[in-house]
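Reader: I am new to structures of this kind and would like to learn how to read one, feature by feature. Could you take me through it slowly?

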Protein chains: 2
Amino acid sequence: MVTIKDIAREVGVSPSTVSRALSDSPLISQATKEQVHAVAKRLGYERNELARALVKGTSEAIGLVVPDITNPFFADIARGVGEVAHAFGYGVILCNTAESLERGLNYIRLLRRKRVDGLIITNATRNDPVAKQLAGSKTPFILVSRLWEGIETSYVIGDDHYGARQAVEHLISLGHKRIGFIGGPAAVQSSNDRMQTYREVLQEHGLTPQEEWIRYADFTQRAGREAGRRMLSLTVRPTAIFAANDVTALGVLEAAEDLGISVPDDLSIVGYDDISYASLPRIQLTTVAQPAFEMGKIATDWLISTIVGRHQRLLHRVLKPHLVVRCTTSKPST
Amino acid sequence: MVTIKDIAREVGVSPSTVSRALSDSPLISQATKEQVHAVAKRLGYERNELARALVKGTSEAIGLVVPDITNPFFADIARGVGEVAHAFGYGVILCNTAESLERGLNYIRLLRRKRVDGLIITNATRNDPVAKQLAGSKTPFILVSRLWEGIETSYVIGDDHYGARQAVEHLISLGHKRIGFIGGPAAVQSSNDRMQTYREVLQEHGLTPQEEWIRYADFTQRAGREAGRRMLSLTVRPTAIFAANDVTALGVLEAAEDLGISVPDDLSIVGYDDISYASLPRIQLTTVAQPAFEMGKIATDWLISTIVGRHQRLLHRVLKPHLVVRCTTSKPST
DNA sequence: TTGTAGGCGTTATCAA
DNA sequence: TTGATAACGCCTACAA
C-alpha cells in the first residue's frame, strides 16, 4: 500500500506537506497541491482511514444493529441509515443478531472496539445488559423502533399504542368479539406495548380474550405460522388475529391456509409495519403502516449531527402510524 | 477511553506486559495476567481495534456490497455473510448501492480506504470500472451471484443457463408459445445469461419471441410492475412471462392484477431466486430456487480462508438451481 | 508556504 | 518473565 511518505519522496516534499495538500489545506501552494494530487493518483494512493481515525479520534463509521435483516422492515431501516450515512461520508457496520440477546451484546462490544462514532440500535429488549453500559459511555447512540425501559435515551419509534388501537378497534368495529394476538418475544417493548393496548381496547369494549388467544412468537414467518396453527386449532378459536408484525401475519396467513380456513371469510388478520410484500395483490394484508426508511434516515441524521457536535440534546421522536385496510379483514361470518 | 497505559499504570507494569497479558501470551506469569485482566475489567477497557489493525496490518473486517438490501435474495446473502464472518471474529461493513454504478465505485473505494481485509461483491456489472482496479490490487475479493466478464476472479454463482432453461422449458412443456422475458439492468451478467438462454430455448423449439416481449427492468417490484403492464397491454401479448428475479415477478403479478388478467389462467409467471415471499399461500410463485444464504456463507468462508492465508487459489463455485413449480404457471387458455 | 517532531494505541523486536 | 523502543500511517502544533 502506498503511503504519504511514498508520495512525499516522489514529489520531493515532506510527508506533512503531502498530508496537508491532500486535505486541501489553504496553507499549501496551488503548485504543490497539483503535483501531490497527480503523484497520488499515479501511485494509486488511498488514504489509510485506520491511521487517520486513530489520530483524529473519529472513525467516520457508525454501527447498526438489527435483529433480522431479512425482515423488510429492518432492511428498510438499514437502507435509510445507509442513505444518509454515506451522504455524510460515514460507513455503516451492520450486525444481524437473529434476535439473540447474546449476539447483540457481542456485536455492540465489537462495534465499540472498532471505535464506531455512534450506534443505531434496533434490537433493544427489556433488561438488556448493554443498556446501562452504553448509557454510561460517551458513544452516542439512538434506539429505533424498540425501546429500553427506564433509561433516558434518544429514540425514533412508532406510536405502538396508537397503532395497535387502530388495528384492534378496526376489528371490533367489524363486529369481531373473539380476537387473538400473536406477538414477538416477550422482552421486546414494541411487541408488549401492542399487546397491552390490545388488551386495553378489548376491555374497553367489554371483551375478554381467552389466554390461549394470546401467543408469543419471535417475529418470524415460521413462528407466526406455528403459533397461528396452534391458535386456529383450538376448539373455540378467534375469528380475528392481530399479529405484532407483518412477517408474523404472513405466517398466520399460511397457517390459515394449512388448516383450510379462508381469509377473510373465516378469519381476519391484521399485521403491523406495512412491508412491501403486504400490498401484493394476492396478499392485500390489512396492516398498520410504519415509515421504516424514514425512521432510519431520521435516526442517522440525528446521530451524525450529534457526532459532529452540532448538538447534544436527546431526540424523542414518536411517529404516528396509520391503519391500511386491505383485504384480510372483514365482518366475522355468522 | 481507557488504554493499556492506564492499566499498566494501575497494575504497576509496562504497557507491553499488559498487551501481552491481554492477548494471553505464554510469556506472562499467571499472577500478572490475572491482575491485568481484573484491572482491565474494572476500568472497562475495550481494545482499540483501529490501533491494533494499524500495526497488525489487518482490520478483521470485510466489506459487503449489495445492489439492494431490501431484496430478500441479497438480505439472505448478507445474513450468510454475517453468520460466518462473525463466527471468525470479523466485522461486516455493508454498502447498499441501489443498483447505482457510481455508488458501487465510491463504496469500494471507501472500503479499501478503511482497509477491509477482503470484499464480497454482489453488484458486479459489465464494464465495471472497478473490476480491473480491484483485480490488480492485493485485496482479496469474491463475486457472488453476479459476474464481471473477461476477468479472472473467484466467484460463487448459480448456474443461470441451467436455471433459465428449467424455467422456459417448463413453460414450453405446458404448451406456451408466446413467452415474454423481463430482465434486470442490461449490464448485469446473470440477467443477461438468463435472457440468452431464454432465447436459445425458444429457438430450439422453433419459437421466436417478438421484440416487445423482451423488456429490461431494474430488479425492483415497481419496475417489474411497469414493464409487466406495458407488455400485457400489447395487442398480442404473451401467455407467459419469465421474470429474471422474484421481486420483478411479483411486480408482474401486480401488473396482471391491475389489468384484470388472471394468473395462471390467462398468464403464467415464473420468477427466479425463490425468496421466502414466493412461497406464501396466496402467491405460490413458480420460480427457480437459489440458495442465497448458502452462497453468502460459502463466499465468506473462502474469503476469510484466503485472508488468513490458508490458501490463495481462486474459487469457482457454480451452484445448480432448481425449478419449484407452484401455482403461477399452467397450460395456456385456448 | 513548508519542515520537524510528537503522538494516537497497539504490537513486535530486542535486551535485560 | 518483563521493560524499552520502535514501528504502523497519519495529523497537527510549533518552528522556520
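This is a predicted model: local features need pLDDT of at least 70, side-chain atom pairs count only at pLDDT 80 or more; totals for chains, interfaces and linings use all residues.

Reader: Through which surface do the copies meet, and what rotation superposes chain B on chain A?

Author: Two copies of a chain are related by a rotation about an axis and a shift along it. In this model a rotation of 180 degrees, with 0.0 Å of shift along its axis, superposes chain B on chain A with an RMSD of 0.0 Å, and that is the relation of a two-fold axis. The C-alpha of chain B nearest the axis is that of B:I93, 2.2 Å from it; the superposition is by least squares on the C-alpha atoms of residues with pLDDT of at least 70 in both copies. As for the surface, 100% of the interface residues of chain B are also interface residues in chain A, so the copies meet through the same surface.

Reader: Which residues come closest to DNA strand C?

Author: A residue is near a molecule or strand if its C-beta atom, placed from the backbone, lies within 6 Å of it. DNA strand C is surrounded by 24 residues, and the closest are A:S16, A:T17, B:S16, B:N48 and B:A51. The elements that give two or more residues to this surface are α2 (15-22) and α4 (49-56) of chain A, together with α2 (15-22) and α4 (49-56) of chain B. The largest share, five residues, comes from α4(B), and by class the surface has eleven nonpolar, ten polar and three charged residues.

Reader: And which residues come nearest to DNA strand D?

Author: Around DNA strand D there are 25 residues, of which A:T3, A:S16, A:A51, B:T17 and B:V55 come nearest. Here α4(A) gives the most, with five residues, and the surface divides into eleven nonpolar, ten polar and four charged residues.

Reader: Are the faces of strand β8 of chain A covered or open?

Author: In a regular strand the side chains alternate between the two faces of the sheet. Both faces of β8 (residues 240-243) of chain A are covered, with A:A240 and A:F242 on one side and A:I241 and A:A243 on the other, all of them buried; a residue is buried if 20 or more other C-beta atoms lie within 10 Å of its own, exposed if 12 or fewer, and partly exposed in between, with C-beta atoms placed from the backbone.

Reader: Which strands pair with β8(A), and how do they run?

Author: Two strands pair if DSSP finds at least two bridges between them. Four bridges join β8(A) to β6 (residues 179-183) of chain A, and these strands run parallel; three bridges join β8(A) to β9 (residues 268-273) of chain A, which also run parallel. The bridge partner of A:F242 in β9(A) is A:V270. From β8(A) the chain crosses through helix α11 (residues 246-258) of chain A to β9(A) in a right-handed β-α-β crossover, meaning that, with the strands pointing away from the viewer, the path from the first strand over the helix to the second runs clockwise.

Reader: Is A:E60 buried or exposed?

Author: A:E60 is buried, with 20 other C-beta atoms within 10 Å. A:E60 lies in the loop between α4 and β1 (61-66) of chain A, and has a positive phi of about 50 degrees although it is not a glycine.

Key. Residues are numbered from 1 along each chain as its sequence is written. Chains are lettered from A and ligands numbered from 1 in the order in which they are written. Ala, Val, Leu, Ile, Met, Phe, Trp, Tyr, Cys and Pro count as nonpolar, Asp, Glu, Lys and Arg as charged, and the others, Gly among them, as polar. Two residues are in contact if their C-beta atoms, placed from the backbone, lie within 7 Å.
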